[in-house]
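Q: I have a sequence and a 3D structure to read. Where do I begin?

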Amino acid sequence: MTITTEILSQLPGDVISNLARADRTLASLRAGNTNIPVVVKEDSQPLETVEWDVVVCGGTLGILIGCALALQGVKVAVMERGILQGREQEWNISRPELDVLLELNLLTPEELDRAIATEYNPARVGFAEGTEVWVRDVLNIGVYPAFLLETIKHRFLAAGGKLLEHTPFTEAVVHPNGVMVNNQFSTRLLIDAMGHFSPIAKQARQGKKPDALCLVVGTCAQGFPENTTGDLLLSFTPIEKQCQYFWEAFPAKDGRTTYLFTYMDADPQHLGLTALFDDYFRLLPEYQGVELTLLNFQRALFGFFPSYRQSPLQTPWQRILPVGDSSCSQSPLSFGGFGAMLRHLKRLTLGIQSALETDQLSVKALKLLQPYQPSLSATRLFQKAMSVGVNQKIPSDRINQLLSAVFEEMENLGEPVLKPFLQDVVQFPGLTKTLLKTNLSHPILVIKLIPQLGLFSLLDWILHYINLGIYAVLFSLSQMLEPLFKKSPHQYLYYWHRWVDAWKYGSGADYSEHQ
C-alpha cells in the first residue's frame with residue numbers, strides 16, 4: 001500500500017475512488033478521447049411564451065451572478081444538480097476583491113465579516129536558494145464557502161429568485177426568442193456557470209484538447225508547527241519528472257492547507273494526479289518541517305484545470321453565455337473559480353442587465369461580454385516558461401533561476417508592480433519595467449529561455465504584449481470620449497460600454513478599483 005492510499009483511505013468519503021476517476025478523466029482529455037456531447041440544438045420556431053429573463057446552470061458560483069441580477073430586478077432561476085451548498089475548505093482571496101459583494105448588495109458588512117474564516121499576514125514567494133519575497137494582503141483572507149453561499153442563497157430567494165435544486169442540466173434548445181432548458185424552463189438568456197467541464201463548453205469546443213494544464217493536489221491537516229504566515233508561490237526542488245513543483249500554504253480554520261501544483265502541456269506522457277499525490281506526501285515533511293505521522297489529515301483536495309489559447313470561450317449560439325470557469329476567463333496561472341468570478345462579477349452583472357434591456361442577445365452582442373483580453377492572453381507565456389515538455393532537456397534549476405530573477409526585479413520595482421502580478425493582473429507599465437530590468441540584469445538567462453519557449457509562442461506573446469499597450473491607451477482615451485456617447489441610443493451604448501470594459505479589463509486597469 002502506498003503512502004497516498006494509506007492516508008487518503010482514512011479520510012471521509014470515497015477519496016481513493018474519486019481520485020482514480022479524476023485520473024481517468026485526465027487521461028481521456030490528454031488522449032483526445034473525450035465524448036463531444038450534443039446538448040445544445042437550434043429551432044427556427046419561436047417559443048409561445050418565455051417565463052424567465054435568465055436561467056443560470058450551475059449553482060455553486062452561478063448563485064453569485066444569479067443573485068446580483070435578481071437584486072437588479074431581473075427574473076432569474078438558478079439550476080443546481082444537487083443541493084446548493086459550499087464546501088468546507090476555505091476560498092483564499094485578497095480583501096479588496098470582496099468589496100464587490102458589498103457593492104452589489106449580495107452581503108452586508110456584518111455578513112462579510114462572518115464569512116471570513118481566517119486572515120493572515122505576510123505571505124512568501126521563494127525559489128530554491130534564490131530570491132525570497134514577502135508581501136502583505138495578497139490572498140490572505142480565507143472565506144468560508146458554506147456560510148457565504150447559504151447567505152447569498154437566502155438573499156437571492158428574498159429578491160424573487162427561483163432555486164431549482166436536484167435539477168441537472170440535460171439540454172437546451174435555442175429558439176429565435178428564447179431558450180428552452182430541459183424541455184421545461186424557458187428563458188431569454190441561458191448562463192452557463194457549470195465550470196471547466198460544462199457539457200455546453202465541451203460541445204462548443206468540439207473536442208479540442210487544452211493547450212496547457214495545471215494539476216493540483218493538497219490536504220488540510222492539523223499538527224503542523226505554529227505558523228501564521230502563508231506561501232503564495234514557493235519552490236524548493238529542481239525540475240523532476242519533467243515538472244517544476246510549486247507549493248502554496250495557508251492557515252485554515254481547522255488546521256493548515258498545503259497545495260502542490262505544477263504546469264504542463266496536455267501530452268499523455270506527463271504524470272497524473274495520483275503520482276503527483278505520491279510526491280506531495282514524499283516532499284511535505286521537508287516543505288513544512290513535520291513528519292507525516294504527526295499530522296491529522298482532515299480532507300484531501302485535488303483537480304486539474306485546463307487552459308486554451310482561444311479564451312475566453314465564445315459560443316456559436318445566440319442567447320447562451322458562459323461565465324466563470326465555463327468561459328475560461330481566468331488566468332492560465334491561477335485555478336480560476338471564486339477569484340475569477342468575483343473579478344468579473346460587476347462587469348457581467350451590468351453587461352447582462354444592459355443586454356436584456358436592449359435585447360442584445362445575438363452571438364455578436366454576447367461575444368462582447370466575454371471579449372479578448374490581452375492581460376489574460378499574455379500570461380500564457382509565463383505558464384509555458386514554468387513548464388517543461390516531456391522530451392525537453394533543460395537544466396534542472398532553469399525555472400527556479402528564472403523566477404528568482406524576475407521576482408527580484410519586481411520586488412525592486414515595488415508593490416505597484418509586484419502585487420497585481422501575484423493577483424493574476426498583468427499591466428503594460430509594470431510588465432515593461434520588469435522585462436527591461438530582467439533583460440538588462442540577466443541577459444544570458446533570458447537568451448537561454450528562448451529555445452525553451454519556442455519561436456511561435458514568443459511571437460504570439462509579442463502580439464498580446466503590443467495589444468496590452470494598445471488597450472491601456474484605448475481605455476485612457478475612453479474616459480475622455482465617454483461624454484460624447486451619453487446621449488446615444490441604448491443599443492449603441494451597450495456596444496460602447498462593452499468595448500470600454502474590454503479595454504479596461506484587457507489592460508488590467510480594473511485592478512486599481514478595488515485596492
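A: Begin with one word. Buried means under 20% relative accessible area, exposed means over 50%, and partly exposed lies in between (1.4 Å probe, protein chains only). This is a predicted model: local features need pLDDT of at least 70, side-chain atom pairs count only at pLDDT 80 or more, and totals for chains, interfaces and linings use all residues. Residues are numbered from 1 along each chain as its sequence is written, and side-chain values use heavy atoms, with hydrogens and water left out.

Q: How do I read the two faces of a strand, and which residues cover E15?
A: In a regular strand the side chains alternate between the two faces of the sheet. Strands (E, at least two residues) and helices (H or I, at least four) are DSSP runs, numbered from the N terminus. On one side of E15, Phe246, Glu248, Phe250 and Ala252 are buried. Seven of the seven residues of E15 are buried, so the strand is largely enclosed by the rest of the structure.

Q: Which strands form the sheet, and in what order?
A: Two strands pair if DSSP finds at least two bridges between them. Here seven strands form an open sheet with mixed pairing, in the order E7-E6-E14-E15-E16-E13-E17. Strands E7 (132-135) and E17 (296-307) stand at the edges. Each has a single partner strand, so one side of each is left without a neighbour in the sheet. From one strand to the next, the twist averages 15°. Axes are lines fitted to C-alpha atoms, for helices over the stretch in contact, and angles run from 0 to 180 degrees between N-to-C directions.

Q: What packs on the sheet?
A: Contact means heavy atoms within 4.5 Å. Helix H8 (residues 273-288) packs there, touching E6, E13, E14, E15, E16 and E17. Its direction makes about 50° with that of E13.

Q: How many bridges join E15 to E16?
A: Seven, and the two strands run antiparallel. They form a hairpin with two residues between them. Phe250 has Thr257 in E16 as its bridge partner. E14 and E15 also run antiparallel, joined by two bridges. There, Leu234 has Trp247 in E15 as its bridge partner.

Q: Is Ile470 buried, partly exposed or exposed?
A: Ile470 has 40% relative accessibility, so it counts as partly exposed. The residue lies in helix H17 (residues 455-485).
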